[in-house]
Amino acid sequence: MYLPFVMCGAAVTLAAGGYHYAALWPESQLFGTTLIAGQDAAELALTYDDGPNEPYTMQLLEVLARYNVRATFFMIGKYARMHPSIVRAVRHEGHVIGSHTMTHPHLMYCSRTRIKSEIQDANALLEDIVGEAVQFFRPPFGSRRPEVLRVAREAGLTPVMWNVTGFDWNAKSARAIEIRVERGIVHNQNRNFSTNVLLHDGGHLKMGTDRRRTVSATATLLGTIPRTGMHLVTVDQWLQDADRQPVERIAQVGAGSDFADRDPRDTHPSIEASTTDA
């Protein structure tokens with residue numbers, strides 16, 4: 001007679017697991033379409049979260065300029081307010097700026113009012129600093145639910161996720177970051193997808209988070225990746241490509257990935273601990 005209770009418990013567990021997959025797995029499209037990557041396996045985008053961060057964002061700009069590469073920076077509003085000159089420097093160098101909310105909360109747990117203020121306030125601040133519209137948004141921790149994506153689109157923002165993370169938030173060395181990225185590139189090439197790399201120029205817990213390893217790994221990767229025949233793009237390139245594709249084609253980007261053979265911790269540090277830098 002306990003069988004119905006066992007079955008009910010199993011169903012609840014499966015439902016909870018499915019919800020968290022949809023809310024946190026970066027390639028999930030269950031809660032709505034997000035921009036992940038393109039269909040050209042030779043394309044790679046470097047994206048950096050949690051800045052601006054003194055002094056490491058500026059150090060990254062020097063590395064990117066050395067290799068004549070543009071990247072995408074998803075910035076936290078409270079740090080942009082502290083260092084607007086860094087935000088302007090990033091844009092002046094030709095990089096794409098996206099919003100990463102005002103304070104980096106887990107949006108999947110926030111009220112609609114909080115979601116709107118986090119997204120809209122950060123967007124307005126960044127636009128005021130750079131003097132132009134911000135088009136892209138990345139939810140902190142990748143944490144989202146349908147309402148989060150809806151509010152972002154109402155604000156004119158395209159939600160952007162990723163399909164490779166360098167785990168630079170807790171890497172023991174620059175080489176560890178490089179290995180993660182290199183393996184992720186091969187994985188995506190085997191699926192005929194472009195690569196969208198998640199790295200960090202800052203940390204959401206404090207200004208001045210040490211990102212020396214990320215700067216070093218970026219320099220090494222930029223010195224080796226072009227030799228493989230790959231070329232660097234920014235996420236706006238994929239948005240332009242998506243606009244030329246049928247809707248059903250866009251929704252497939254990342255949606256059919258082989259979930260089973262990947263470590264869930266590879267999605268984002270939030271799955272391991274929500275207090276880590278991400």
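Trainee: Which residue's side chain meets that of Asp 210 in a salt bridge?

Mentor: We have a predicted model here: local features need pLDDT of at least 70, side-chain atom pairs count only at pLDDT 80 or more, and totals for chains, interfaces and linings use all residues. Residues are numbered from 1 along each chain as its sequence is written, and side-chain values use heavy atoms, with hydrogens and water left out. A salt bridge puts a side-chain nitrogen of Lys or Arg within 4 Å of a carboxyl oxygen of Asp or Glu. At 2.5 Å, N to O, the partner of Asp 210 is Arg 212.

Trainee: Is Arg 212 buried or exposed?

Mentor: Buried means under 20% relative accessible area, exposed over 50%, and partly exposed in between (1.4 Å probe, protein chains only). Asp 210, at 33%, is partly exposed. With a relative accessible area of 55%, Arg 212 is exposed.

Trainee: Which residue meets Arg 138 in a salt bridge?

Mentor: Arg 138 and Asp 49 join their side chains at 2.9 Å, N to O. The pair links distant parts of the chain, 89 residues apart: Arg 138 is in the loop between β4 (136–137) and α6 (146–154), and strand β1 (residues 43–51) holds Asp 49. Helices (H or I, at least four residues) and strands (E, at least two) are DSSP runs, numbered from the N terminus.

Trainee: Which residues are linked with Arg 112 in a network of salt bridges?

Mentor: Nine salt bridges occur in the structure. The network joins Arg 112 with Glu 147, Arg 150 and Glu 154.

Trainee: At what angle do the axes of α2 and α4 cross?

Mentor: Axes are lines fitted to C-alpha atoms, for helices over the stretch in contact, and angles run from 0 to 180 degrees between N-to-C directions. The axes of α2 (residues 56–66) and α4 (residues 84–92) come within 10 Å, and the crossing angle is roughly 15°.

Trainee: Which residues of α4 make the contact with α2?

Mentor: Contact means heavy atoms within 4.5 Å. From α2 come Thr 57, Met 58 and Leu 61, and from α4 come Ile 86, Ala 89 and Val 90.
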